[in-house]
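These notes are meant to be read beside the sequence and the model.

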Amino acid sequence: MTEPAAPERITGAQALIRSLEYENVDAMFGYPGGCILPAYDPLMDSPIRHVLVRHEQGAGHAAEGYAHVSGKPGVAMVTSGPAATNLVTPLMDAYMDSIPMVAITGQVPTAAIGSDAFQECDTVGITRSCTKHNELVMSADEIPMAIRQAFHIATTGRPGPTLVDIPKDALTGEMTWHWPTDEEVFDSLPGYRPNTKGHPRMIREAARLILASERPVVYAGGGILKARAAEVLRELVELIDGHVVTTLMARGAFPDDHPNCLGMPGMHGNATAVTAMQQSDLLITLGARFDDRITGKVDAFAPDAKIIHVDIDPAEQGKVRRPDVPIVGDAKYVITEIIREIRDLLQGGTRQADTSAWKSQVSGWQEQFPMTYERSAPGDLLKPQFCIEQLNERAPKGTIVTSGVGQHQMYTSQYWKFNDPYTWVNSGGLGTMGFSLPAAIGAKAAMPDRTVWAIDGDGCFQMTATELVTATLEKLPIKVALLNNNFLGMVRQWQEMFYDERYSEVFLDSSNVPNFVMMAESMGCIGILVESPEEVGPAIEKANSINDRTVVIEFRTDATEGVFPMVPAGASNSDLILHPTQQDRAEALKPVPDSVDNKLKDGH
Amino acid sequence: MPRTRDYPGARSANTYAEGMNHHILSVLVQNRPGVLARVAGLFARRGYNIFSLAVAPAEVEGRSRITIVVDLDSAPLEQITKQLFKLIDVIKISELDPELSVERELLIATIKSDATQRSEVVSLVDIFEGKIIAVSEAVITVSLEGHPNKLNDFEDLLGEYGIVELQRTGRVALPKLDRGSRLRAVN
C-alpha cells in the first residue's frame, strides 16, 4: 500500500470502496437505494464481489454467515431509512452472538438531516444499542478513518457489529485520499484498549485449581471459535483428561466424536452434559457467558462448582455468576498460558487429583442417557431427528450447517455430529427466525467449495424464503432441508407442556399452503418432497450430487415430536425433563449425598 | 406575576440521594456528538437508575467529564462501570465514594417574598452564605452553591416561604486529596 506521491483527489464514494478493498473485503452483501447510490458506482469497477440480496435483512444475515465460517468481518451495505431499519435485526443478532460485522448505511444529505426528509431515519440512534459502536460521518474526509475504526472495533476484543452511516453528500463530496496508519487509528480511539493477555497470577491460580479438581468440566463457549482456540482447547482437555461441554455457540469447537466430549449443555442439552456441569466441582469456563439457557435457575446452577471464567469482555465477569478466578483475556492466549502453567506444576511434582470416580460416574450417565427418539412406524410422518441423522451421515466432509430457531435448531445441534470448528452457523442469543437461509448464502459465498446445508423449519423458512432467488441468481448453490411439521414447533411444544395443550396460533398449515416444491422451483431451485423414511436417504443423495443449483428438500415431519431433554424456563438444571422413555431412570442423575470421606477431604 | 406553586411538606422530591445507596461516577469521555446519548442509553437499556447527571468540557481539549450519581439499589456498581467502559467513547471512569470525595452542586430558586417576608428570606440566605440574584416586589431569586446535603436543607427551609421555581444542577465531584498533599480543606 504505497501512498501516491501527489495528493489524490477522489470522491467519498471512491474512498469508501477503496477503503473496503484496503480492508481486504472480497465479498459483501447489499441492496442499493437513494442515498447509497453514489457508492454503487465505483463498486462496479472494484474487484469486491457484491451479492445482491432480495431484502436488507438477508444482507445482514448473509454477512453474519460469511463471518461465522471465515472469521473475517461480514460486510453489508444498504441505503437509508427502511433499509437501515431492516438491518436492525441482523445487527442485534450479530451483537448477541459477537459476530464481527461492518454495516454501511446511506443517509440523507447532511443539510437534510433532522428535517424528516424522504427515507430519513436516525440510523445511528436506532442502532446504538445493537452495535458495538456506530458512527455518522459528516464529510468525505472522514470516510477512510471511519471505515478503519469500524473494522478495527468489529474484529478486536470481543467481536461485534459496527455501523458507519454516510450521508449522500459525504459520498459525492471530494477528499484528498489518505489511508490512516495503525497509529492514527489507535490514537483516534483513546477509550478502546481491549485486554488480550490474562493476568499471570490468575492464570497460575487457574492451573492450580484445575489440577486440584476431582470433577472438572470445561464449559466451552462461542469465544473459543472467535479466538481460533479450538486446537489449544483440545490440548488442554487432553492434558487434564477432563470433560468438555460445547454450548450452542461452540458446537464444533471440540469434536463430538472425541471421548471427552459430552456435547451440548443447557435447556435442551443432553442429560450428561447438563448434569456433569450441575455436579462439577470446577467449571473451567472458556469464552462462555452463563446464558440463562445454559444455567437454568441461576441460584441453583452448579452449586458446588468453583468457577474459572476466561472471557475477553470484563463485563462478563461476575455478570451472572461470580467467578473464583476471573481472567480477562483472549481465550487462545489464556488457554495456552494455562497449559504452560499446568505443565510447570506437573514437572514441579504437583499431582493431579484423582478424577476416576467422577469419570466413571459420567460414563455411567452417558450409557444410561443417550440422545433418543422413537422411530416412526411405517406410513407415519417422518421423525425430524431421523432426517437430521441421515443428512449428517451423508454429508460430505467439511459440510457447513446453518439453522433457524426452534425445534429444528435444537434437533440439529443435538443430532448432528460436529467434529470441525466453523461448520455450525446459527442464531444463538437473539434467536432470529429466518436466519438459516441468508446465513447459508453468506457461508457459501465465503466457502464456495464446501457443501452448505440450511436446516430450517416451515415457520422460519417462510420469513426469508425470498432469498432463494439470491442463491439462484448469484450462483451460490446451497441445500435446504426444510422440516415441515405444519406448526411453529417449539411454541407448540410449550403450549403442549405448559398451557394445557391449548394450541393458540401455532398451526401454520404449511403442508397445504404454500406448496414449497413449487415455490422453490419458481425461484430457480430444485424442489423435492419427501414423505416416507425410505425416500429420505435417496433424496439427500440426490441433493448432494447437485452442485450447480440450490436444492430444497421438504421433509414432512411429525408435529407431536418434542425436543428432549428439557429444562423448563426458570427451573433448576437438576429438574431436567428426560425423554419419556428415560424418565424411569431419573434417579440416576441425582447427586450422591456427600460422603464422610468427601467432607473430611474438604476440611483439609 | 409569575405563577406560584407551593412545595408542601418540605422534604419532597429533594430528599436527594441522602437515604439512597448511591455512588458517584466521574466519567471522562471523548467529546463527540451522541456521547451523552450513548451513556444515557446504556443506563436505560440495562435498567440502571441515574439520580443526577452533569456534563461539561473537561480540562483537556476534546474531552468532557460526565458526573453521574447512580442508584446502587438498581444494579451493582461493578457491572455499571464495566458496561460503561465498553462504550468506545469512554476513556476513563473514576468511582467516587461519597466518603472520599468532595461534592458540589448549585441551586437557584425564586421564592415568594413580599415585604413582610423579605427580611426573613434574606437572613436565611445569609445564614447559608447564598447570594441574592434578583429582587422584585413579590419574589426574590437566590442562589446557593455547596454540598448537596446543604442544598437539601436550604431547599427545605425555603419551602416554608413558597418556592415559585427551583433548579439544581446535579452534583459534580472530585476525589478528596490525600492527607499529605491536601493543602487545606476549604468548605
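1. Chain B is divided into domain 1 (22-101) and domain 2 (102-175), with bounds that come from an automatic or database domain assignment. The C-alpha centres of domain 1 of chain B and domain 2 of chain B lie 28 Å apart, and the contact between them takes 12 residues from domain 1 of chain B and 9 residues from domain 2 of chain B. Here two residues are in contact if their C-beta atoms, placed from the backbone, lie within 7 Å.

2. A word on the basis of these notes: this is a predicted model, in which local features need pLDDT of at least 70 and side-chain atom pairs count only at pLDDT 80 or more, whereas totals for chains, interfaces and linings use all residues. Residues are numbered from 1 along each chain as its sequence is written, while chains are lettered from A and ligands numbered from 1 in the order in which they are written.

3. On the side of domain 1 of chain B that touches domain 2 of chain B, the elements giving two or more residues are β1 (22-30), β2 (50-57), β3 (63-71) and β4 (90-96) of chain B; helices (H or I, at least four residues) and strands (E, at least two) are DSSP runs, numbered from the N terminus. β2(B) gives the most to this side, with 3 residues. The residues of this side divide into 7 nonpolar, 5 polar and no charged, where Ala, Val, Leu, Ile, Met, Phe, Trp, Tyr, Cys and Pro count as nonpolar, Asp, Glu, Lys and Arg as charged, and the others, Gly among them, as polar.

4. Between the chains, 15 residues of chain B are in contact with 14 residues of chain A. The elements that give two or more residues to the side of chain B that touches chain A are α1 (35-46), α2 (77-86) and β4 of chain B, and α2(B) gives the most, with 5 residues. That side of chain B divides into 4 nonpolar, 5 polar and 6 charged residues.

5. Strand β6 (residues 131-135) of chain B and strand β7 (residues 139-146) of chain B pair in the antiparallel sense over 4 bridges, pairing being counted if DSSP finds at least two bridges between two strands. β6(B) and β7(B) form a hairpin with 3 residues between them, and Ala134(B) stands opposite Thr141(B) in β7(B).

6. How compact is chain A for a globular protein of its length? Chain A has 25 helices and 20 strands, and its radius of gyration is 25 Å, close to the 25 Å that the globule rule gives for 604 residues, so chain A is as compact as a globular protein of that length. The radius is taken over C-alpha atoms, and the rule is 2.2 Å times the number of residues to the power 0.38. The C-alpha atoms of chain A fill a box of roughly 80 × 65 × 40 Å, taken along the principal axes.

7. The domain assignment of chain A gives domain 1 (9-188), domain 2 (200-368) and domain 3 (384-556). The centres of domain 1 of chain A and domain 3 of chain A, taken over C-alpha atoms, are separated by 30 Å, and 24 residues of domain 1 of chain A are in contact with 25 residues of domain 3 of chain A. The largest share of the side of domain 1 of chain A that touches domain 3 of chain A, 11 residues, comes from α3(A), and the residues of that side divide into 11 nonpolar, 9 polar and 4 charged.

8. In strand β4 (residues 74-78) of chain A, 5 of the 5 residues are buried, so this strand is largely enclosed by the rest of the structure. A residue is buried if 20 or more other C-beta atoms lie within 10 Å of its own, exposed if 12 or fewer, and partly exposed in between. Gly74(A), Ala76(A) and Val78(A) point one way from β4(A), and Val75(A) and Met77(A) the other way. β2(A) is joined to β4(A) by 3 bridges and runs parallel to it, with Phe29(A) opposite Ala76(A); 5 bridges join β4(A) to strand β5 (residues 101-107) of chain A, also parallel.

9. The largest nonpolar core has 199 residues, and among those with the most contacts inside it are Ala76(A) and Ile224(A); such a core is a set of buried Ala, Val, Leu, Ile, Met, Phe, Trp, Tyr and Cys residues joined through C-beta atoms within 7 Å. A second, separate core of 14 residues includes Val121(B), Val125(B), Val139(B) and Tyr161(B).
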